[in-house]
Amino acid sequence: MSAPDAKKIAEAEAFLGQVDSAADEYAKAGMYFKAATAYRNAKSLDKSKDCLLKAIDCYMNNKSWFHAAKSCEQIVLLAKETDTLAEVEEYANKACNLYQQHGSPEAAAASMDKAAKMTEYKHPELALEFYKRALAVVLIGDSTHQAAEFASKVSRILVKLKKFEEASKALKKEISLNLQTKSYGQVGRLVVALVLVQLALDDFVDAKKTFKKWGNRCDPQEVKTLETLLQAFDEEDPELAAKMLASPFIRHMDVEYALLSKNIPLPSGVQLEEGGVASAGSLK
């Protein structure tokens, strides 16, 4: 053990030595929390977690829900370091519950957002659940602008996971939220994204309905792109469809939708190869 680590462990033990003389549960929790921090700095993660669990118990006995939630979030950070996914899920959700119990929906949603960002790269399925819960929390508080932000994250992960049926529903919800906040500039892009998802589902009829319903919210470039794209599918023109799906406008959308555009089945069952080029002989 290095000298700095030994010093931190001694510091942690000193805090633990003050627990019995602490005036109340809140003060005891504070000592456990400080000891947990010192143990973590000494890379003694198991002892840090044990101290945090004791701090949570003391805070809960004192009905200090907010501080109990903060301690849960510290366990989430420890679980991330040890790649203990089940504990990330358990304590992130517990933190969210406690923040809500305290009456802090913003902190509850933020805890879900942090947990989602922490897991999104390696565990997108879990991140999706965190973002969904964050969305539900802010909707309870009627925070429509923030809800639209979380809805966007939900939609994009669903597309990434190729859950297109669910993504279609999520995008409709996202469009609705942006209409409520009069974020009309966002709506046009979302209409294009929804049409792409519906074409990925091979549902040309719904794609046409989407454009008919919300096309008036699109800017001229979005209208032209969608009109030509839908025309290509209606006339079963794979060359025109491939050209539109490879257009700079679509390829500069959010990365999930740009990638989706490369893998949408073309009319007559033709499919784009990587890079957006129809396969040789496939247009016969």
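**Entry 1**

I began at R40, which is partly exposed at a relative accessible area of 27%. I use "buried" for under 20% relative accessible area, "exposed" for over 50% and "partly exposed" for in between, with a 1.4 Å probe and protein chains only. The model is predicted, with local features needing pLDDT of at least 70 and side-chain atom pairs counting only at pLDDT 80 or more, while totals for chains, interfaces and linings use all residues. Residues are numbered from 1 along each chain as its sequence is written, and side-chain values use heavy atoms, with hydrogens and water left out.

Which residue forms a salt bridge with R40? I found E81, with the closest N and O atoms 2.6 Å apart. A salt bridge here is a side-chain nitrogen of Lys or Arg within 4 Å of a carboxyl oxygen of Asp or Glu. R40 belongs to helix α2 (residues 25-41) and E81 to helix α4, so this pair ties together parts that are 41 residues apart in sequence. Helices are DSSP runs of H or I with at least four residues, strands are runs of E with at least two, and both are numbered from the N terminus. I noted E81 as partly exposed too, at a relative accessible area of 47%.

**Entry 1. Other salt bridges**

How many salt bridges does a search of the whole structure find? The search gives 11. I looked up some of them.

K49 pairs with E87, and their closest N and O atoms are 2.4 Å apart. Since K49 is in helix α3 and E87 in helix α5 (residues 85-102), the bridge ties together parts 38 residues apart in sequence. K49 has 22% relative accessibility, so I put it down as partly exposed.

E166 and K132 also meet through their side chains, at 2.6 Å from N to O. Here helix α9 (residues 164-180) holds E166 and helix α7 (residues 124-140) holds K132, so the pair ties together parts that are 34 residues apart in sequence. Both ends are partly exposed: E166 has a relative accessible area of 31%, and K132 has 28%.

I also recorded a network of salt bridges that links D113, K117 and K153.

Two packed helices are described by the angle between their axes and the distance between the axes. The axes are lines fitted to C-alpha atoms, for helices over the stretch in contact, and angles run from 0 to 180 degrees between N-to-C directions.

At what angle do α3 and α4 pack? For helix α3 (residues 45-61) and helix α4 (residues 65-81) I read an angle of about 160°, with the axes 8 Å apart. The two are therefore roughly antiparallel (under 35 degrees is roughly parallel, over 145 roughly antiparallel, 65 to 115 roughly perpendicular, the rest oblique). Their crossing is left-handed; that term applies if the near helix is turned anticlockwise from the far one by less than a right angle, and right-handed applies if clockwise. Residues making the contact (heavy atoms within 4.5 Å) include L45, S48, K49 and L52 of α3, and W65, H67, A68 and E81 of α4. By class I have 12 nonpolar, four polar and two charged residues in this contact. Ala, Val, Leu, Ile, Met, Phe, Trp, Tyr, Cys and Pro count as nonpolar, Asp, Glu, Lys and Arg as charged, and the others, Gly among them, as polar.

**Entry 2. Helices α10 and α11**

Helix α10 (residues 184-200) packs with helix α11 (residues 204-214) at about 165°, and the axes are 8 Å apart. That makes this pair roughly antiparallel. I noted a right-handed crossing of α10 with α11. On the α10 side V191, L194, V195, Q198 and L199 make the contact, and on the α11 side F204, D206, A207, T210 and W214. The classes are seven nonpolar, two polar and one charged.

**Entry 3. Single residues**

Is S48 buried or exposed? S48 is buried, with a relative accessible area of 1%. It is part of helix α3. Leaving out residues up to four places away in sequence, S48 touches A36, Y39, R40 and L78.

A134, in helix α7, is buried at 0%. With residues up to four places away in sequence not counted, A134 touches A109, M112 and F150. Its C-alpha atom is 6.6 Å from that of D113, which is 21 residues apart from A134 along the chain.

S44 sits in the loop between α2 and α3. S44 counts as buried at 17% relative accessibility.
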